[in-house]
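Please look at the sequence and the 3D structure together before reading on. The notes that come after them are meant for a reader who is new to protein structure.

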Amino acid sequence: MFQAGCTPAEDSVQVVRGLEAGVQVSTYVDRLGGPLAKRPVPGGEFVEWVWRRPEFVVQAVVDHAGQVDIYTVTSTDPTFDAPIPYTDGLRLGRSNFADLRFDLVSGVYTGYPASAKYEYSEEVGPAGATHGRTLILTKSWDGTGTPRPADDAIDLLARNDLSCGRPDDTAGRPCEAVPERDRLRAGLRISGFTLTARDFDPSPVPVNRSPWLQDSACDIPGECR
């Protein structure tokens, strides 16, 4: 809902700034209106809610009690610069991964984090400044339904298998500074983030569909716009 005295861009930043995990999904409806889509998550424990504005997509994973356990914000406008929670001033669309201290990073990977489909991600927490929450920063798809052409940075990261710190990493590599990755992080702009509720483990939640690829789908008739 737009605030008096704000431009649409300022309003969108304020709306995203007010979102959090661990609250009732009704607070999202108050801020964003009715969802564009609602889909049961495989396994039956959660429902995925999706909202879309011209500047961003919001995706929430909601449990049977109506609590948002995970939410994702993905920029679909290069000028959208909402702040990233639990970071020291990082903003979507402005900050690069190199702006995040690598000693805070517990995982680096390409593929599918908890709540959306990304090209490159770094995980922070749940220890330290996130106060028991897991934060995932991403360089994501552009939100148009078509992946951007693979750029040199993503391609090189994948070819050299510079992932680390994930439970499914068979090599069991700790996350340590690597010259190739350090250089590439400086050219990767952060375009999305995922945040969990306190002490919530996102890894078993099987939600990995890009909301903009299916933004007209509503698997719960009568409950979507």
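What follows is a short briefing, arranged by topic.

This is a predicted model, in which local features need pLDDT of at least 70 and side-chain atom pairs count only at pLDDT 80 or more, while totals for chains, interfaces and linings use all residues. Residues are numbered from 1 along each chain as its sequence is written, and side-chain values use heavy atoms, with hydrogens and water left out.

**Overall build**

- The protein has 4 helices and 8 strands, where helices (H or I, at least four residues) and strands (E, at least two) are DSSP runs numbered from the N terminus.
- Read from the N terminus, the order of these elements is α-α-β-β-β-β-β-β-β-α-α-β.
- Of the 225 residues, 49% count as buried; buried means under 20% relative accessible area, exposed means over 50%, and partly exposed lies in between (1.4 Å probe, protein chains only).
- When contacts (heavy atoms within 4.5 Å) are taken between residues at least 6 apart in sequence, 60% of them join residues at least 24 apart.
- The protein exposes about 10,500 Å², of which carbon and sulfur atoms supply 51%; such areas come from the Shrake-Rupley method with a 1.4 Å probe, and for residues only the protein chains shown count as cover.

**Strand S4 and its partners**

- In strand S4 (residues 68-75), 8 of the 8 residues are buried, so this strand is largely enclosed by the rest of the structure.
- Strand S3 (residues 56-63) pairs with S4 in the antiparallel sense over 7 bridges, pairing being assigned if DSSP finds at least two bridges between two strands.
- Within that pair, Val57 stands opposite Thr74 in S4.
- S3 and S4 form a hairpin with 4 residues between them, and Gly66 in the turn has a positive phi of about 85°.
- S4 is also joined by 5 bridges to strand S8 (residues 192-196), and these two strands run antiparallel, with Val73 standing opposite Phe193 in S8.
- As a general point, the side chains of a regular strand alternate between the two faces of the sheet.

**Glu122, a buried acidic residue**

- Glu122 is found in strand S6 (residues 118-124), and at 0% relative accessibility Glu122 counts as buried.
- The side chain of Glu122 makes a polar contact with the side chain of Arg185 (2.8 Å); a polar contact is a pair of N or O atoms within 3.5 Å, where within protein one must be able to donate a hydrogen and the other to accept it, and residues adjacent in sequence count only if both atoms are side-chain atoms.
- Leaving aside residues up to four places away in sequence, Glu122 touches several others, including Phe97, Leu100, Phe102 and Leu137.

**Salt bridges**

- A search of the whole structure finds 6 salt bridges, each being a side-chain nitrogen of Lys or Arg within 4 Å of a carboxyl oxygen of Asp or Glu.
- One of them joins the side chains of Asp11 and Arg53 (2.9 Å, N to O).
- Asp11 lies in helix H1 (residues 8-17) and Arg53 in the loop between strand S2 (46-52) and S3, so the pair ties together parts that are 42 residues apart in sequence.
- Asp11 and Arg53 are buried.
- Another salt bridge links Arg91 and Asp81 (3.8 Å, N to O); Arg91, at 21% relative accessibility, counts as partly exposed, whereas Asp81, at 15%, counts as buried.
- Salt bridges that share partners join Asp81, Arg91 and Arg94 into one network.
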